[in-house]
Amino acid sequence: MSVPSGMPATTTPTATPAPPPASVSQLSRQRVRSAWLFLLPTLVVLGMVAGWPLLRTFWFAFTNANLSNPEPPQFIGLENFATVWDDPDWWQSVRNTFFFTGISVTLETVLGMMIALTLNTRFRGRGVLRAAVLVPWAIPTVVSARMWGWMFHDVYGVINAMFLHLGFIDAPIAWTADPRLSMAAVIAVDVWKTTPFMTLLLLAALQMLPDELYEAAKLDGAGPIRVFFKVTLPLIRGPMLVAIIFRVLDAMRVFDLFYVLTTNSSESMSMAVYARQQMFEFQELGLGAAAASMLFAVIAMFTVVYLVLGRSAVEEAA
Amino acid sequence: MRKALRWLGRAAFGLLVVVITAYTLFPFYWAVVSSLKQGSALFEVEAWPRNPAWQNYALVFTEQPFGRNLFNSVIVASTVVIISLFLAVTAAFALGRIRFFGRTPLMLMILAVSMFPQIAVLSGMFELVRWLGLYNTLPALTLSYLLFTLPFTVWVLTTFMRELPKELEEAAVMDGASPWVICMHVFLPLLKPALVTTGLLAFIAAWNEFLFALTFTLSQEARTVPVAIALMSGASQYELPWGLIMAASVIVTVPLIVLVLIFQRRIVSGLTAGAVKG
């Protein structure tokens, strides 16, 4: 299927020495042609599962497409965008998503850095700790949402039990029912689940730093905190920024955590949850597509930043 | 004095390690503990159940179509990985080893696709799935999962492909080998470790996917594990079978943890290749 046509599976090896210049260009032309043939199946599939559905979504955003209406959708211009724009629930979901992204990624970066620095020092049991740190990353998001949902249970949850025992609170709290508290709960789960990713990327960056720098800093009598801010942080800035943008992109499109963990009242929704609710629960495919397109635009902006930063980070490293 | 300070520093460091380990492992530990409790025991907070009840693990298969859900997840995730790797090897060879006009924009485009918010293609994909007659079937999920596994596998394999020595290729070209032969017979065997890493990461991504699985399947029998666990409910709305849910969660998680621990080092290199070397 993916075997490009016109490519002999085997060629008879000819004992020619270095090919003369004329055939070099012929050879490279043949290579370029085979490159496109090699890419063709992937490009076709990506066009089918990414390009086409994306274009259709953009088109739906300008139509009155509705799942309960069998008629072909009619073009209605910017009406859907106007409706979404005027919907306070949409803006609540935007605030929720940005708040979630900002706090989660900040906490993940700080915590990830602390754990990466810990793992970067030599001590007994380092392998065990690194394995332990990977566990939350391996657990499916829905499963972690459910595990934490149970821990946050208002009456029987272990978190309320612990807080009561320690005297932080004097009555159990309904963590996932109250929109303000459920945001804290969602952030707690996301931080727990994705800090390992941050840790791994930061650790990889830390391990590339040359030892001599630290020896020099030690000879200069710099304390560990000074060394961190004056030597370590500037040197890993590139990879760190890339990791942060990567996490931001991921957090902006958050769906499952909010869907599983919160009660999905209009006060506790992410942008993706809002868009899907319009599309499938309210059957307003066009409205949902408009909301999804707006989220896409926001993420596209961040992607451009990522690509620019990512390339400069690579060039710095090269 | 100095000795005491050093000892104090070590103790603080040890404490830090213990705190990190407890923080990362506690929720999973608590899920295991809760999965061994039934009835009123669930509502008591104790470090280990006095009478561990293993029934939840059996009940999740008899009261719920969980065996079927597991089977669905295995089938979907495996087919997605096989198709993705199959397509990605040649694409990565072209992108990693051949210089041609338009290569950089193509790479950036593939990277951009992997950053797509899935919600942005959801309605278009829904239409495609229905048009192909795949609604509420597993191939609908296989098809839609290629959206994120294929760009990822192409991207990571390309970075691995680039690191292979140039001399091998030159020798093969001297022998008159075609690009197809070079890709399949010279490079593919060398890429085996990379294929394992990439395949595993793609498998985990497909295994965990929720949005498409929730939207493109309807019946309990067609659900994958994450959707089944998310929608698992009890006799009434207010009575959630937490013991069952935790048992199901543990069943899904243990194989993943084992795999991740076995392939630890490789996973780290795969993740960094996928994210940072951009």
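This is a predicted model: local features need pLDDT of at least 70, side-chain atom pairs count only at pLDDT 80 or more; totals for chains, interfaces and linings use all residues.
Student: Is B:Thr24 buried or exposed?

Tutor: The cut-off for buried is under 20% relative accessible area. B:Thr24 comes in at 4%, so call it buried.

Student: Where does its side chain reach?

Tutor: A polar contact is a pair of N or O atoms within 3.5 Å. Here the B:Thr24 side chain gets to the backbone oxygen of B:Thr21, at 3.1 Å.

Student: And which residues does B:Thr24 touch, leaving out those up to four places away in sequence?

Tutor: Look over at chain A: A:Ala132, A:Val133, A:Pro136 and A:Trp192.

Student: How many residues does the contact take from each chain?

Tutor: Chain B gives 104 and chain A gives 100. Together the two chains bury about 9,000 Å², with 78% of that on carbon and sulfur atoms. On the chain B side, B:Met115, B:Ile119 and B:Trp180 lose the most area to chain A, together 8% of what that side buries.

Student: How many salt bridges cross the interface?

Tutor: The rule finds 2. One of them pairs A:Arg31 with B:Glu169, whose closest N and O atoms are 3.1 Å apart. As for residues, α1(B) supplies the largest share of the chain B side, 14 residues. By class, that side has 78 nonpolar, 18 polar and 8 charged residues.

Technical notes
Residues are numbered from 1 along each chain as its sequence is written. Chains are lettered from A and ligands numbered from 1 in the order in which they are written. Side-chain values use heavy atoms; hydrogens and water are left out. Buried means under 20% relative accessible area, exposed over 50%, partly exposed in between (1.4 Å probe, protein chains only). A polar contact is a pair of N or O atoms within 3.5 Å; within protein, one must be able to donate a hydrogen and the other to accept it, and residues adjacent in sequence count only if both atoms are side-chain atoms. Contact means heavy atoms within 4.5 Å. Buried area is the accessible area (1.4 Å probe) that two parts lose on being put together, summed over both. A salt bridge is a side-chain nitrogen of Lys or Arg within 4 Å of a carboxyl oxygen of Asp or Glu. Helices (H or I, at least four residues) and strands (E, at least two) are DSSP runs, numbered from the N terminus. Ala, Val, Leu, Ile, Met, Phe, Trp, Tyr, Cys and Pro count as nonpolar, Asp, Glu, Lys and Arg as charged, and the others, Gly among them, as polar.
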